[in-house]
Amino acid sequence: MLYRFCTLALVIVLLMSCGKKKKTMAGEDDVNIQEYIEFFPEVTLPFSYSDSALYAPTHDSLLISPEIFNEFTPDSVLAENYGADQPKLYAIGKFKDKDGYTYLMSKAATEKLKVMYITAYDNKNAFVAALPVMKSKANKEVAVTVTINKLFNIYKKSKKVLPNGIEITGDDVYVLSGAARKFILVMTDLLGDEAELINPIDTLGTTFKYAGDYGVGARNIISVRDDIRPGRVQLFIHLEEKNSDCKGELMGEGIITSDNTVEYRQAGDPCVLELKFQKNSVTLNEVRGCGSRMGALDCTFNGTYPKKKKEQQPSDKSAKKTS
């Protein structure tokens, strides 16, 4: 009797498992957004993906039909790069940030163009934004690698070797802004050129007494802006030392601890940085663990930086004189 019961139970389990066959994304099954997200393999950060992987064969088990991709991503995302062409699409991987946003990485490929997409979804699985972070054509002269670090910053490094053998590089850094519902370019170094830094918090308010930009030159900035929470400010700091490997940045909330002092302290970040303001300057003091953010432990954010003058906009009166 027991034998018959065990046999019957085994048959039921097998029938149930057959009914739960994992769905594919190749267009043969009807799928929902949760099943679509679950289809992407988990990756561990930091994660890197090079343009050579765009050209490497990808297993058909990771294939996604354009119809399914467009069902959970606006049609315009593919159309912007491919027009009416239908690229082959494959899942690369997924990860989730501390705010609950899910990032899906996909590969799109035609004979002429390969693209790595990163698409983001909120905690209700609603689409937020898409970023074609890497594009590569058949006759490519530039090698590209995309890396996502543990702080969820997306780094794109470009490398080109000139005919004389000299290697030049360029860097772009993106972050997801959930509030703006888009990926924002927070730093760029043009390939082989000196490029001005993009300040991602530049458009925020400046009612805080010491709000403004501090630093020397186009490649150094300590930017302070208003925050939506009382007693807090938004900070963006990017510092570089010429003829040195010391280069780094941080971005996030600062806590106002006294009339002229702000402290950067984030959960999960070992760096604690104090900003002490004077009328026309700010002094940075590393309280704990910030050196590695500057490229090496012997590099530092410490120093006193003057306040930058605001660029004067031409008045209507002066504009009339020059017209």
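Trainee: Buried means under 20% relative accessible area, exposed over 50%, and partly exposed in between (1.4 Å probe, protein chains only). So, Lys156: buried or exposed?

Mentor: Lys156 counts as buried, because its relative accessibility is 17%. Keep in mind that this is a predicted model, where local features need pLDDT of at least 70, side-chain atom pairs count only at pLDDT 80 or more, and totals for chains, interfaces and linings use all residues. Residues are numbered from 1 along each chain as its sequence is written, and side-chain values use heavy atoms, with hydrogens and water left out.

Trainee: Which side chain meets Lys156 in a salt bridge?

Mentor: Asp172, at 3.9 Å, N to O. A salt bridge needs a side-chain nitrogen of Lys or Arg within 4 Å of a carboxyl oxygen of Asp or Glu. Lys156 sits in strand S8 (residues 154–161) and Asp172 in strand S9, so the pair ties together parts 16 residues apart in sequence. Strands are DSSP runs of E, at least two residues, and helices are runs of H or I, at least four, both numbered from the N terminus.

Trainee: And Asp172, buried or exposed?

Mentor: Buried, because its relative accessibility is 16%.

Trainee: How many salt bridges does the whole structure have?

Mentor: The search finds 9. One of them joins Asp259 and Lys209 at 3.7 Å, N to O. That pair links distant parts of the chain, 50 residues apart: Asp259 is in the loop between strand S14 (247–258) and strand S15 (261–265), and Lys209 is in the loop between strand S10 (182–189) and strand S11 (212–214). Both Asp259 and Lys209 are exposed.

Trainee: Which residues are linked in a network?

Mentor: Asp202, Asp213 and Arg225, through salt bridges.

Trainee: Now Lys94. How far away is the nearest side chain of opposite charge?

Mentor: That is Glu42, 4.3 Å away. Lys94 is buried yet has no salt bridge. For charge, Lys and Arg count as positive, Asp and Glu as negative; His and the chain ends are not counted.

Trainee: What does the side chain of Lys94 reach, then?

Mentor: The backbone oxygen of Phe40, at 2.9 Å. Lys94 is in strand S3. Contact means heavy atoms within 4.5 Å. Leaving aside neighbours within four places in sequence, the contacts of Lys94 include Ile37, Phe40, Glu42, Tyr103 and Met105.

Trainee: New topic. How many residues are in the largest nonpolar core?

Mentor: It has 26, and those with the most contacts inside it are Met105, Met116, Val133, Ile154 and Phe183. A nonpolar core is a set of buried Ala, Val, Leu, Ile, Met, Phe, Trp, Tyr and Cys residues joined through side-chain atoms within 4.5 Å.

Trainee: Which elements give two or more residues to this core?

Mentor: Strands S1 (47–50), S3 (88–96), S4 (102–109), S5 (113–121), S6 (127–137), S7 (143–148) and S9 (167–177). S6 gives the most, with 5 residues.

Trainee: What does Met116 touch?

Mentor: Not counting residues up to four places away in sequence, its partners include Tyr49, Leu54, Ile92, Met105, Val133 and Val146. Apart from this core lies another, of 25 residues, among them Phe208, Ala211, Leu239 and Tyr305.

Trainee: How many helices and strands does the protein have?

Mentor: 6 helices and 18 strands. Of the 323 residues, 42% count as buried.

Terms used. Polar contact = N/O pair within 3.5 Å; in protein donor to acceptor, adjacent residues only side chain to side chain.
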